[in-house]
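Try each task before reading its solution.

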Amino acid sequence: MSGGFKSYVNMNEVEKAEPEVQKKDVKKIASEVFGGPLEPKLLPGELVIAEGHNVLKFDSTDDFNHGISGALFCTNFKISFVTANRSSYDLGELRQRNQLLSEHDIALTCVEAVYQVWNGKKKRLPAGSNIQGRVGILEIHCKDFRILPFSFKFTPKEAERNVVNAILHHAFPTSLDLLFAFEYNPGKNLRIGIADTPEFRAVKDWERELSRVNPSGWRVSFANTNFKMSDTLPEQFIVPSSLSDHDLNNSSPHFVDGRVPLWSWSHQNGSALVRMVELRTDTTQTQYLERGVLDSMLRAIESTHPERTKASIIDLGRLCPSPKYIQQAYYKLRDLCMPAGAEDFWAADQKWYSLLDGTKWLQCVSACLSVSSAVAERIAGSRQTVVLREYDGRDLSCVVASLVQVILDCHTRTLVGFQALVQREWVVSGHRFTDRLHHVHTMDRESKESPVFLLFLDCVWQLLQQFPSCFEFTETYLTTLWDSARVPLFATFLFNSERDRYVACMDAKRDKNDNTSPTLMPVWDWSLQFSDQDRLLFNNPLYGGKLAEYFPEHPSNGPTVVPPNPTNTLGSFKSRNKWKSKKKKQASASAQVSFVAPSTPSFNGPLFPINIGAGLKLWTQCYMRWIPWAHTVGGGPPSEYFHQCLLVDELHILNMKIHSLEMSKPDQHNTSQESGMFFTFESPRGFDANDSLTSAFPYSPIGSMDRKSIVGTPLFSFLRRMSVSSYNGAAANGDD
């Protein structure tokens, strides 16, 4: 209810009425509830392409029984449903509110597929097609695992056709220049607040990174200025000091895409982490010459080590899942987490663990963590320089290089440090975001699409779960970053390379005919999306760096050496890909470690995670936030987060009072929010986390509370953090 007016339309009751009565009811609802014309909130440069009124938005989990009446708009940025109905949250102020996309909005590039539902049958509508007749119910499947059904039963036919055809044309752009990022016009007064996050497009950023890590024998190279050496490398990058830019230019043609080996990171013991591609096989040069180029590069890399030890070459193509394998696993995971309705959900729940195991997604996560941990151990423990070799160096080398640094370098676990890591190892180093995230609709989609970056975020989430006090940011930050990769406004995740970004800007500049380049926004300016209050959701109350302010003498705040986990061994991905065929054996083996928590280092120490089934979880906040049956009210991590915030805020208040007493000054504390916590002692009186928070906080609403309970089901056990391997044992015994 909102303002005393009925906000939901019961389709069963409307169907029984006469046609004239139906029209009258709809008009009455529109007049009483809406109280005026409904219009979407538009960004600078955003235009409405088509609109339809008297549209019903259904809850996909309610079998199309109830809908919210409103207006549906298609713009050059999003699909926007506007209604006068209040937020479906009982406490709407607790929801993370995006300033670019409202609760019922979806970015065009987040649309996965569009279906027509007619007489109980579902038909996929081709991208770019034109619909002439009635659609009935339009079901939009989103890349963030949402399903949004809309009914045009009471919408004029012409408006219905215009909206549907606009969605089919604009949700599947065929070129990058059609994305909203090139239309966005924030004005000259916009101040981009990303000063703390280096973009590595200027030499000072690379020099600052070298100064921070302080490696010996490395320098910034300018060999790729104006992308004259490689189309996929950044204009500046770090190479061994013994190699001149002339040497690099001579060696470049022998490597795939001209990508000479480049530095990622160095340990304080002198060992380095280097990324390298394969030698080209289509050149006319002799094999002897090719081998000589490779040897000279390796000698230069090894010369940077204080002991001149031989570098260890890690073949990621053999040790990690391929992008195609990752994509197939992701498709299966998406199907599992997007039930068509209650019947499908409860049918899947009966064999939840088998279905989850069948997706192979957690195997991909396990493989990446295992390889990264083994590489980290060689660098930190064995003092070896490691060279990560991948065919073109733009997919799994991004994953492993980044994870190694998260494991070994505490700076990358801070918010700014992590963002700088993504910018350096992914964005400017040429990860193919355009192809892998399928921003542009092409015929060869299956050969290019693969959520490699999303897999990396899942791996970081696993580390966060095992070492919650070692990260400055929260899982909500990671989920928000996961979502932002689908928004066609941020240049951070739009291009395949820095050169593609440069060319796109130059082309757009020529098209404008006003000698101005488009304002391409970086995702790191979070103030564009969220208020100051919502950005507090990114702050981890358990972060050791934060707690060290209150307990500076605590022994856990000093550096520690964590022994490598015995599971961190290198082996081919195929040889480890045997979870399903050896359930009993794995269940027996994992039972011995299922209750063994990973070692707890200081917040600035190295992390070596458990990377087998017993230590891995499903990222439920990200993947299952839109499924109300999977939510628990007043429980789960959000409830823990609530109490952790209150404790840290109380510590902050006490610390301020102690400081005031020591200074013989009155208490100058103004607001609890100074502690940086989302929940504070100034929260509304009467707020009860047990009644107000769900396990999906801060995302989806509670939903229908008369739904069937999940207590006692396999999914409920999983959400209670029961290990996958424990259930595999039951499945192997026929209890599935």
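**Exercise 1.** Decide whether Arg308 is buried or exposed.

Solution. Start with the cut-offs: buried means under 20% relative accessible area, exposed over 50%, and partly exposed in between, using a 1.4 Å probe and protein chains only. Arg308 has a relative accessible area of 54%, so Arg308 is exposed. Helices (H or I, at least four residues) and strands (E, at least two) are DSSP runs, numbered from the N terminus. Last, check the backbone: Arg308 is not a glycine, yet its phi is positive, about 55°.

This is a predicted model: local features need pLDDT of at least 70, side-chain atom pairs count only at pLDDT 80 or more, and totals for chains, interfaces and linings use all residues. Residues are numbered from 1 along each chain as its sequence is written, and side-chain values use heavy atoms, with hydrogens and water left out.

**Exercise 2.** Decide whether Lys360 counts as buried or exposed.

Solution. The relative accessibility of Lys360 is 18%, so Lys360 counts as buried. Lys360 belongs to the loop between α10 (352–359) and α11 (361–380). Its phi is positive, about 70°, although Lys360 is not a glycine.

**Exercise 3.** Compare the span of helix α24 with the span it should have.

Solution. The expected span is 1.5 Å times one less than the number of residues. Helix α24 (residues 637–662) has 26 residues, so it should span 38 Å. Its end C-alpha atoms are 37 Å apart, which agrees. Now look along α24: its buried residues include Pro638, Tyr641, Phe642 and His652. Just after α24, Ser664 has a positive phi of about 55°.

**Exercise 4.** Describe how α13 and α16 pack.

Solution. Two packed helices are described by the angle between their axes and the distance between the axes. Axes are lines fitted to C-alpha atoms, for helices over the stretch in contact, and angles run from 0 to 180 degrees between N-to-C directions. Helix α13 (residues 415–427) and helix α16 (residues 452–466) pack at about 150°, with axes 13 Å apart. Contact means heavy atoms within 4.5 Å. From α13, Phe418, Val422 and Trp426 make the contact; from α16, Val452, Phe453, Phe456, Leu457 and Val460 do.

**Exercise 5.** Find how many residues of α17 are buried, and what covers them.

Solution. Helix α17 (residues 475–484) is mostly covered, with nine of its 10 residues buried. Among them are Tyr477, Leu478 and Trp482. The cover includes α8, α13, α16, α23 (620–623) and α24.

**Exercise 6.** Classify the aromatic pair of Phe81 and Phe150.

Solution. Rings of Phe, Tyr and Trp (its six-membered ring) pair if their centres lie within 6.5 Å; planes under 30 degrees apart count as stacked, over 60 as edge-to-face and the rest as tilted. By this rule there are 39 aromatic pairs. In one of these, Phe81 and Phe150 have centres 5.7 Å apart and planes at 45°, a tilted pair. Phe81 lies in strand β4 and Phe150 in strand β9 (residues 147–151), 69 residues apart. Phe81 is buried at 3% relative accessibility, and Phe150 is buried at 1%.

**Exercise 7.** State which peptide bond joins Phe697 and Pro698.

Solution. The bond is cis, with omega about 5°. Pro698 is in the loop between α25 (689–692) and α26 (714–719).
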